[in-house]
Amino acid sequence: MYQYKTKGTCSSEIDLELEGDTVKSVRIIGGCNGNGKGICALVEGMKADEAIRRLKGIKCGFKPTSCPDQLAIALSQAKEQQERK
């Protein structure tokens with residue numbers, strides 16, 4: 001399980017688990033409940049690189065980031081951590 005403290009969003013944390021290069025589970029804590037659950041449901045079972053490609057750079061209103069963008073960052077960091085093991 002990888003925990004990521006979000007920055008610049010209404011959500012406060014993203015918990016995720018990778019199984020190899022596939023997103024096994026994701027939980028976004030805080031933020032817009034329905035949107036968070038929707039994003040999680042869409043990326044579960046997806047290859048991490050594909051999820052990162054699709055989510056990276058998405059902005060929320062005038063903020064420089066968003067929950068999907070923060071998820072892309074969390075996935076990138078989780079992949080790096082997994083590769084170091």
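Me: Before we start, what should I know about the numbering and the confidence limits?
Reply: Residues are numbered from 1 along each chain as its sequence is written, and side-chain values use heavy atoms, with hydrogens and water left out. As this is a predicted model, local features need pLDDT of at least 70 and side-chain atom pairs count only at pLDDT 80 or more, while totals for chains, interfaces and linings use all residues.

Me: What makes Cys-67 buried or exposed?
Reply: Buried means under 20% relative accessible area, exposed over 50%, and partly exposed in between (1.4 Å probe, protein chains only). Cys-67 has 17%, so the residue is buried.

Me: Why is the pair Asp-15 and Arg-27 called a salt bridge?
Reply: The term asks for a side-chain nitrogen of Lys or Arg within 4 Å of a carboxyl oxygen of Asp or Glu. Asp-15 and Arg-27 have an N to O distance of 3.7 Å, and therefore qualify. The pair links distant parts of the chain, with Asp-15 in strand E2 and Arg-27 in strand E3 (residues 22–30), 12 residues apart. Strands (E, at least two residues) and helices (H or I, at least four) are DSSP runs, numbered from the N terminus.

Me: What is Asp-15 in contact with?
Reply: Contact means heavy atoms within 4.5 Å. Leaving aside neighbours within four places in sequence, the partners of Asp-15 are Met-1, Tyr-2, Gln-3, Ser-25, Val-26, Arg-27 and Ile-29.

Me: How do you know that Glu-13 and Lys-5 form a salt bridge?
Reply: Their closest N and O atoms are 2.6 Å apart, which means that they meet the cut-off. Glu-13 is buried because its relative accessibility is 11%, whereas Lys-5, at 53%, is exposed.

Me: What makes Glu-50 and Arg-54 partners within one helix?
Reply: Their side chains meet in a salt bridge at 2.5 Å, N to O. Both lie in helix H2 (residues 48–55), and because they are four residues apart, about one helical turn separates them. An α-helix has 3.6 residues a turn, so residues three or four places apart point the same way. Glu-50 has 24% relative accessible area and is therefore partly exposed.

Me: How many salt bridges does the rule give?
Reply: The count is eight.

Me: Why do the buried residues of H1 line one face?
Reply: In H1 (residues 33–43), the buried residues are Gly-36, Ile-39, Cys-40 and Val-43. They fall within an arc of 100° seen down the axis, so they line one face of the helix; the arc is that of the directions from the helix axis to the C-beta atoms. Turned away from that side are the exposed residues Gly-34, Lys-37, Ala-41 and Leu-42. The buried ones pack against E3, H2 and helix H3 (67–84).

Me: What puts the buried residues of H2 on the same side?
Reply: Ala-48, Ala-51, Ile-52 and Leu-55 are buried in H2. Their arc around the axis is only 100°, so they sit on the same side of H2. The face turned away carries the exposed residues Arg-53 and Arg-54, while the buried residues pack against E2, E3, H1 and H3.

Me: Which residues follow these helices with a positive phi?
Reply: Just after H1, Gly-45 has a positive phi of about 90°. H2 is followed by Gly-57, where phi is positive and near 90°.
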